Amino acid sequence: MGFVPEAWVALGVALFLIWRWSRRRRSTPDQGPERSPLVWKDLLDDRIELIARLTPEQRERFHARVERFLREKRFVGCAGLEVTDEMRALVAGMACLMILRPGATLFPELRQVLIYPGPFLVPVTEPDEFGLVSDEPEERVGESWQGDRVILSWPDVESALDGDEVNVVVHEFAHQLDDEGDAGEGAPLLADYSHWSQVMKTEFERLRRHRRPPVLDPYGAESPAEFFGVVTEAFFQRGPELAHHHPALYAVLRDYYGFETA
């Protein structure tokens, strides 16, 4: 006895739904890591040395926030790059080291992390010191769009993991924290800005006067926002040197991020 017409229709609908589900599984870039949490925890412990400095309570909070970051934030590979589970976990790990404060939020405005296979070009929109806007695009290794997305060059992420002084992840996520604040550029969300403002203003002006600073990237003299990104990089990548040359600056960052890097 053959199928009745209704059965053929039902079978066709079922096959179509299965095909559409499998297609979405292949094409969706933000499904999160397929590996178990134990695997990415071992990966993070192996690649991010600062995790060893966390207290048991901080480590538990860190793991919970990494897991939530991986679940809620979308990762997109650009220019043909395939984003792997390891890439997702490592970016999430470095970002979540920055929000260990008990009341910290998980970058609430951030929707997606875009990762390129190398430096990328962006159009120039800001005028230079002569008031001119260049027709040539600029090469970047990272960007933070106000609240919405972070863009990263993967080789530069790996360089930071290997100990390079430049850490594009913490620099761009510092801009995300900056966007949460309500005291202007270069100031994340704080209960009291008095001491923070005093130290940051003094150190920013010091950097602008210094021709060859020993620790801080001169790029930080561009603006208070870039200064916050640069000093955050120094705190995570060059903690002992920052504590030696800029003890007051190191102290306010230690108090904000909640652990020692020196």
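**Helices, ring pairs and buried side chains**

Thr 232 is buried, at a relative accessible area of 0%; buried here means under 20% relative accessible area, exposed means over 50%, and partly exposed is whatever falls in between (1.4 Å probe, protein chains only). The model is a predicted one, in which local features need pLDDT of at least 70 and side-chain atom pairs count only at pLDDT 80 or more, while totals for chains, interfaces and linings use all residues. Residues are numbered from 1 along each chain as its sequence is written, and side-chain values rest on heavy atoms, with hydrogens and water left out.

Thr 232 sits in helix α8. Helices (H or I, at least four residues) and strands (E, at least two) are DSSP runs, numbered from the N terminus. Setting aside residues up to four places away in sequence, Thr 232 touches Met 98, Val 170, Ala 174 and Tyr 257, where contact means heavy atoms within 4.5 Å. Met 98 is 134 residues away from Thr 232 along the chain, yet their C-alpha atoms are separated by 9.3 Å.

Next comes helix α7. It runs over residues 194-209, and at 1.5 Å a residue its 16 residues should span 22 Å; the end C-alpha atoms are 23 Å apart, which agrees. The expected span is 1.5 Å times one less than the number of residues in the helix. Which residues of α7 are buried? They are Trp 196, Val 199, Met 200, Glu 203, Phe 204 and Leu 207. These cover an arc of only 130° around the axis, which puts them on the same side of α7; the arc is that of the directions from the helix axis to the C-beta atoms. On the face turned away from that buried side, α7 carries the exposed residues Gln 198, Lys 201, Arg 208 and Arg 209. The cover over the buried residues of α7 includes α8 (224-237) and α10 (247-257).

Aromatic rings come up again and again in this part of the chain. The structure holds 15 aromatic pairs. Rings of Phe, Tyr and Trp (its six-membered ring) pair if their centres lie within 6.5 Å; planes under 30 degrees apart count as stacked, over 60 as edge-to-face and the rest as tilted. One of the pairs is Trp 196 with Phe 228, edge-to-face at 5.7 Å centre to centre and with 70° between the planes. This pair links distant parts of the chain, with Trp 196 in helix α7 and Phe 228 in helix α8, 32 residues apart. Trp 196 is buried at a relative accessible area of 6%, and Phe 228 is buried at 0%. Phe 236 and Tyr 257 make another pair, with ring centres 5.2 Å apart and planes at 70°, so this one is edge-to-face too. Phe 236 lies in helix α8 and Tyr 257 in helix α10, so the pair ties together parts that are 21 residues apart in sequence. Both are buried: Phe 236 has 8% relative accessibility, and Tyr 257 has 0%. Ring pairs join Trp 196, Phe 228, Phe 235, Phe 236, Tyr 250, Tyr 256, Tyr 257 and Phe 259 into a cluster.

Helix α3 takes in residues 56-72, Gln 58 among them. Its 17 residues should span 24 Å at 1.5 Å a residue, and the end C-alpha atoms are 24 Å apart, which agrees. The buried residues of α3 are Gln 58, Arg 61, Phe 62, His 63, Arg 65, Val 66, Phe 69 and Leu 70. Gln 58 has a relative accessible area of 11%. A polar atom of its side chain lies 2.7 Å from the backbone oxygen of Gly 258. Beyond neighbours within four places in sequence, Gln 58 is in contact with Arg 53, Leu 100, Gly 258 and Phe 259.

Strand β6 (residues 149-153) contains Leu 152, which is buried at 0% relative accessibility. Leu 152 and Ile 115 are 37 residues apart in sequence but 4.9 Å apart in space, C-alpha to C-alpha.

Definitions and conventions. A polar contact is a pair of N or O atoms within 3.5 Å; within protein, one must be able to donate a hydrogen and the other to accept it, and residues adjacent in sequence count only if both atoms are side-chain atoms.
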